[in-house]
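Please look over the model shown here. A short report on its helices and chains follows.

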Amino acid sequence: MEFLPLLQYSAPVALAAMGEVITERGGIINIGLEGSMLVASYFAMLACYVTHNPWIGLGAGVTGALVTTLLFGVFAIYLSADQVVVGSAVNLLALGVTGTLFRSKFGQSGQLLSVPRIGGFHGVDPIMVFMLASAPLLWLLLRKTGWGLAVRACGEYPKAAEAAGFSVSRLRLQSLMVGGFYSGLAGSYLALVIAGSFAENMTAGRGFVAIAMVTFGRWKPQFALIAALLIGCAESLQYKFQTYGWKVPFQMMIALPYIIALIVLVLVGRGANAPGALAQPYRKEK
Amino acid sequence: MVIGLVAVLVLTLLVFRLPVIESLKLLISGAFGDQFAWSRTAVKACPLLFTGLGMVVAWRAGMYNIGGEGQFVMGGICGAAVAKFVLVGSTAIPGWLGSLVILVACGFGGAAWAWLAAWLFVRRGVAVVISTILLNFVAIQFLGYCVSGPLQQKKQEVPLTDTLPDALMLPKPSPQMDLHFGVVLPVLAALVVFVYLYRTRPGYRLRLVGENADMARANRIDAAKVQIQAMLISGTMCGLAGGVEYIGVAGQLGTDFSQQWGFLGIPVALLGGLHPLFSILSAIVFGALFAGSENLARFTNAGATLVYVIQAVAVLGYVGIKARSDAVKAPVEAG
């Protein structure tokens, strides 16, 4: 498979995964990633359908994802609720809200609708460029800025960050919203570049794939990008195999990155680069 | 809780500008209107209660199992494998025993899949949340491989397994209805889980480990062992959910075998207060909502998606209220 289509195909997972790296480094695991991507897809499509301008669609999609992520953040950070519980609820909510809105506006099965797409130059679109630039940018943000250090402290040992005078809640919310922004790009990209349309549950687990790729990419933005490209590559190989008529179970190829991620976790174990306080709600001591 | 749910239901209908009274009528008649509606409600509640119980046991032990989906699927695969390679075509085994063997295989498959996540957590410190997400994907791909490979139907046209002979399916009171006698199984399981959690020592230890694993260890309880046990029970329940869906409703496996049942167990368990007996109630409520929404979908543009909204809002409301009352009770987190 050629490189550009592969890049395009992998972009939603790659964008969401890189954003989720920042979120998880701050100590939050956004299980609701799938939901915020789906909301972004729907509102990107809707705004684009109404205005015929894909860029307004992109804006609407990102806004939708930010609002969804904020909802997650209020519960997970300010109410110290369990992140898995809230994330699962957000996913269900997104699936239900987008599905119901879509059906009530476009009919029971959802007519075949098509909206203008974001154009590119020889197959290279601006979001793709932004995605490639994001790997070094996010690396710099995490490793070379004071904000990045503070966020990582919140993920490793929030009490120390609080003692050093940082607001754990605020930093965690900020890192969560960075992830939300990227999930918005990811969902909009799916609707406005790849599909040019919307379908119920169109993200189809890509948000969870992104969370898995964060693990596979050892909580580093650059590795998360590579991981997402690898899985895109594995998935695209199935079509190759089918055209050649090879009898290789392509499902094994698709499952491979997840299995590798598990094996890496087994081998590295507790010494993994996982943030120390990942998924633990933080309550400020009074 | 019931009043809250009705309020959420009415609000949701209002938000989506559906006629409230009409929709409520359709929902109720679809869920409880006649014996067919009742049977649909029961059949939908059945896997929900099984996966819900799975979540209750695991989460009570502090193991955030969100791999119900994978365990459900692996249960189905094990059941289908046993059915294909052992039972179908052999006349020596009576049908009821065959069904039982399939169910046992399903429970075993789910338990084995959950055990992997438990082992990763106990021995290698891998968060259960992460490992179960990964294992879900592996299970779903494995299902895709099985139904187009070793378990595929004899004709090999579409990625589906052969339909089970009626003898191996769970018996039904009436051929016209969806209802099968398997619906009593999760209720029995809920009673067993209740007795286990609240009336036995291992159950007490399990809850203690979930409350505070360090305290449990200080009291010479082997927390790792308890956590593995909890995951094994949880996986068994999710595998059985796959089992009743397989030999009660579907009769065959395809790539779309699990309709999110594994994930839907989470709201069922949470709104049942992570208690096995209250989970029966919440499973019936959600089963009824799913059955009713099928009826609603026939006359309006809304459908099952509406139930997701209601579930999600209910969970968020529950979590919000609980967080506020917790904040009053215990403002400072213990070290």
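H5(B) has 30 residues. From its first C-alpha to its last, H5(B) reaches 43 Å, close to the 44 Å expected at 1.5 Å a residue. Just after H5(B) comes B:Gly125, with a positive phi of about 70°. This is a predicted model, and every value in this report is computed from it.

**H5(B) and its partner**

H5(B) packs with H10(B), residues 223-250 of chain B. Their axes come within 6 Å and cross at roughly 145°. H5(B) passes H10(B) in a right-handed crossing. What kinds of residue make up the contact of H5(B) with H10(B)? They divide into 20 nonpolar and 11 polar, with no charged residue.

**H4(B) against H10(B)**

H10(B) also meets H4(B), residues 68-87 of chain B. The axes of H4(B) and H10(B) come within 7 Å and cross at roughly 55°. That angle makes H4(B) oblique to H10(B). The crossing of H4(B) and H10(B) is right-handed. On the H4(B) side, the residues include B:Gly68, B:Gln71, B:Phe72, B:Gly75, B:Gly76 and B:Gly79. On the H10(B) side, they include B:Gly235, B:Gly239, B:Gly242, B:Gly243 and B:Tyr246. The contact of H4(B) with H10(B) divides into nine nonpolar and nine polar residues, with no charged.

**A helix pair in chain A**

H2(A), residues 33-51, and H8(A), residues 168-195, pack at an angle of about 50°. Their axes are 7 Å apart. H2(A) and H8(A) are therefore oblique to each other. The crossing of H2(A) and H8(A) is right-handed. H2(A) brings residues such as A:Leu33, A:Ser36, A:Met37, A:Ala40, A:Ala44 and A:Cys48, among others. H8(A) brings A:Gly180, A:Ser183, A:Gly184, A:Gly187, A:Leu190 and A:Ala191, among others. The residues of the contact of H2(A) with H8(A) divide into 12 nonpolar, seven polar and no charged.

| Helix pair | Axis distance | Crossing angle |
|---|---|---|
| H5(B) and H10(B) | within 6 Å | roughly 145° |
| H4(B) and H10(B) | within 7 Å | roughly 55° |
| H2(A) and H8(A) | 7 Å | about 50° |

**The two chains**

Chain B has 13 helices and zero strands. From the N terminus on, its elements run α-α-α-α-α-α-α-α-α-α-α-α-α. The C-alpha atoms of chain B fill a box of roughly 65 × 55 × 35 Å, taken along the principal axes. How does the radius of gyration of chain B compare with that of a compact globule? With 335 residues, such a globule would have a radius near 20 Å; chain B has 20 Å, which agrees.

Chain A has 11 helices and zero strands. Its elements, from the N terminus on, run α-α-α-α-α-α-α-α-α-α-α. The radius of gyration of chain A is 19 Å, close to the 19 Å that the globule rule gives for 286 residues, so chain A is as compact as a globular protein of that length. Along its principal axes, the C-alpha trace of chain A spans about 55 × 45 × 35 Å.

**Where the chains meet**

Finally, the interface. In all, 42 residues of chain B are in contact with 43 residues of chain A. Which elements give two or more residues to the side of chain B that touches chain A? They are H5(B) (95-124), H6(B) (128-147), H11(B) (261-271) and H13(B) (304-329). H13(B) gives the most to that side, with 12 residues. The residues of the side of chain B that touches chain A divide into 30 nonpolar, 10 polar and two charged.

Conventions
Residues numbered from 1 in each chain as written. Chains lettered and ligands numbered in written order. Predicted model: local features only at pLDDT ≥ 70, side-chain atom pairs only at ≥ 80, totals over all residues. Contact = placed C-beta atoms within 7 Å. Helix = DSSP H or I, 4+ residues; strand = E, 2+ residues; numbered from the N terminus. Nonpolar A, V, L, I, M, F, W, Y, C, P; charged D, E, K, R; others polar. Axes fitted to C-alpha atoms, helices over the stretch in contact; angles between N-to-C directions. Left-handed = near helix turned anticlockwise from the far one by under 90°. Parallel < 35°, antiparallel > 145°, perpendicular 65-115°, else oblique. Expected span 1.5 Å × (residues − 1). Rg over C-alpha atoms; globule rule 2.2 N^0.38 Å.
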